[in-house]
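This briefing covers the salt bridges in the structure shown below. Points are grouped by residue pair.

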Amino acid sequence: MTTSAERGHRESFDAVVIMHRSPQTDPLHGCRRRGRDVPAGGRQQRQIVTRPIPSTDEALPVVGLGSWITFNVGNDRLARDSCADVMRNFFEAGGRMIDSSPMYASSQPVIGYGLGKLGKPASLFSADKVWTSSGSRGREQIEQSRRYW
């Protein structure tokens, strides 16, 4: 039996669970989500689907981790730690690409915080958007994003 707080915490992992994990390490194992039971051990193990980057042929998973609302938690230490846990589970499940933008408020610094807690995983592939009306400010914006990560 799980409490509503535990269920809420487990639901936050919905977007990042990409492949099967064992019952001992699966944060969703045997819990209820959105009013239905998740069968214990009922998920099948699957390989992660990848596609190559055309310019380098590097294979990346087709599912990445977006950061718009979920990582916009400001300086709340508990929320930042929860975001780091989401990233840890994402990387452990084989995820690599994290997408962000300067227009996502505190998301970039929060991602940087989480990556720092995780020892800056070497498998990280970052995607960032340049959001400026002046082309000359684009390089400055890219460098600021780089400093966060």
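**Salt bridges in the predicted model**

Asp99 is buried, with 19% relative accessible area. The model is predicted. Across the whole structure, a search returns seven salt bridges; a selection is described here.

**Asp99 and Lys129**
- Asp99 pairs with Lys129 in a salt bridge whose closest N and O atoms are 2.7 Å apart.
- Because Asp99 sits in strand β5 and Lys129 in the loop between β6 (125-128) and α4 (135-148), this pair ties together parts 30 residues apart in sequence.
- Lys129 is partly exposed, at 28% relative accessibility.

**Arg96 and Glu58**
- A salt bridge joins Arg96 to Glu58, with 2.5 Å between the closest N and O atoms.
- Arg96 belongs to the loop between α2 (77-92) and β5 (97-100), and Glu58 to the loop between β3 (50-52) and β4 (59-61), so the contact ties together parts that are 38 residues apart in sequence.
- Arg96 is buried, at 18% relative accessible area, whereas Glu58 is partly exposed, at 31%.

**Glu143 and Arg146**
- The Glu143 and Arg146 side chains form a salt bridge with an N to O distance of 2.8 Å.
- Both residues are in helix α4, three residues apart, which means that about one helical turn separates them.
- Glu143 is partly exposed, with a relative accessible area of 29%, while Arg146 is exposed, at 55% relative accessibility.

**Network**
- Salt bridges also link Asp85, Arg88 and Glu92 in a network.

Key:
Residues numbered from 1 in each chain as written. Predicted model: local features only at pLDDT ≥ 70, side-chain atom pairs only at ≥ 80, totals over all residues. Heavy atoms only, no water. Salt bridge = Lys/Arg side-chain N within 4 Å of Asp/Glu carboxyl O. Helix = DSSP H or I, 4+ residues; strand = E, 2+ residues; numbered from the N terminus. Buried < 20%, exposed > 50% of the residue type's maximum accessible area, 1.4 Å probe, protein only.
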